[in-house]
Amino acid sequence: MSRFWSPVVGTLSPYVPGEQPKLQNLVKLNTNEHPYGPSPRVLDAIRSACDDTLKLYPDPSSDRLRQAIAGTVGVQPGQVFVGNGSDEVLAHVFLALLKHERPLRFPDITYSFYPVYCGLYGIQYETVPLTSDFRIDVDDYLPGSKGQAGAIIFPNPNAPTGRALSAAEVERIVAGNPDAVVVVDEAYVDFGGESVIPLVDSYDNLLVVQTLSKSRSLAGLRVGFAVGSAELIDGLERVKNSFNSYPIDRLASAGAVAALEDAEYFERTRQAVIETRSRMTAGLESLGFEVLPSAANFVFARHPSRDAAGLAASLRERSIIVRHFRHERIDQFLRITVGTDEQCELLLKALAEVL
Ligand code: PMP
């Protein structure tokens, strides 16, 4: 591929991010952003942070941000690791699994970045198919049925299905694998899932990853975090300090702290998304779609007689962008982000026209 880079680069199959077109007149329901935008307090905090101190490096240990996260989720700051979006946190998690002697286990279908990280770092992995109704089966993650995994990762709620395990089900996986780290990617948990952060004090093999991109409406700021035992956090710090000691810049840190402090705004806007999700689900069902039960800010839906790629293309002609995955088993599904009520109405109206 290139004469200059290692031949490995030519063999990578990188993640293909959802399209980020210019917003003008578009109903953008393709990458699970939160439609209401960040709390006004975030914008004020970022503006105030725009001063001469930008000449200085940020705090390498992001103390203020870690304290704000710890206070919000009810743990100690030493149990928190921060990164530039949860993708970077996950990248560090995968690096910390480099040369692990046993394979990493994750579901198929899931967040498509996981196999990409494995490819990049040369980590061995095994996938376990979801059930026929697109659920994660807890038993597949216990050593008994499939052998001992080196580590386990899954999103809860899962992506792109939106289906969630209960905290008790996740706990069975964590308790059943005391010698393997279990990483629970809770990117979408605030829209209806049950977080297992309260379990981190009881299980030193549990790492919970969250992001401010979704429920805090800050995808553009790039702040994510992990919560876990001192042993797990220490490993991630060692990886981070071998990579980039200053991941969170001053502006992002100021904005993220302000977002975490505005609990009222967070609560109100996430509830609005949850309510719109019910309306969107009912509307899609009345148009004949099968919609998987979603605990996330998106729904995964298929129409029994209409081709998903064709539907996505027809919506696009009407300036509505949704995500269609060209993968086996889910080729007939659309993943549609829950926007505002108005966007939901536009979507349902457009679908009624094209069906
Ligand atoms: N995990 C899952 C399951 C996701 O869908 C995403 C968003 N694509 C991420 C993590 C990463 O989000 P971010 O880097 O914006 O925190």
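How are α10 and α12 oriented to each other, roughly parallel or roughly antiparallel? This is a predicted model, in which local features need pLDDT of at least 70, side-chain atom pairs count only at pLDDT 80 or more, and totals for chains, interfaces and linings use all residues. Residues are numbered from 1 along each chain as its sequence is written, and side-chain values use heavy atoms, with hydrogens and water left out.

**View A. Helices α10 and α12 pack together.** Helix α10 (residues 263-286) and helix α12 (residues 341-354) pack at an angle of about 10 degrees, axes 10 Å apart. Angles run from 0 to 180 degrees between N-to-C directions, and axes are lines fitted to C-alpha atoms, for helices over the stretch in contact. The two are therefore roughly parallel (angles under 35 degrees; over 145 is roughly antiparallel). Helices here are DSSP runs (H or I, at least four residues), as are strands (E, at least two), numbered from the N terminus. On the α10 side, Thr276, Arg279, Met280, Gly283 and Leu284 meet Asp341, Cys344, Leu347, Leu348 and Leu351 of α12, where contact means heavy atoms within 4.5 Å.

**View B. Val322 sits in strand β11 (residues 320-324).** Val322 is buried at 10% relative accessible area (buried is under 20%, exposed over 50%, partly exposed in between; 1.4 Å probe, protein chains only). Leu29 is 293 residues away from Val322 in sequence, yet their C-alpha atoms are 5.0 Å apart. Skipping residues up to four places away in sequence, Val322 touches Leu29, Asn30, Ala312, Leu315, Leu334, Arg335, Ile336 and Leu347.

**View C. Helix α4 (residues 85-95) is largely enclosed by the rest of the structure.** Nine of its eleven residues are buried. Among them are Glu88, His92 and Phe94.

**View D. Lys349 and Glu353 pair up within helix α12.** Their salt bridge has its closest N and O atoms 3.9 Å apart (the criterion is a side-chain nitrogen of Lys or Arg within 4 Å of a carboxyl oxygen of Asp or Glu). Lys349 counts as exposed at 55% relative accessibility, while Glu353 is partly exposed at 48%. Salt bridges with shared partners link Arg318, Lys349 and Glu353 into one network.

**View E. Asp140 and Lys146 form another salt bridge, at 3.3 Å from N to O.** Asp140 is buried, with a relative accessible area of 13%, whereas Lys146 is partly exposed at 45%.

Note on methods
Parallel < 35°, antiparallel > 145°, perpendicular 65-115°, else oblique.
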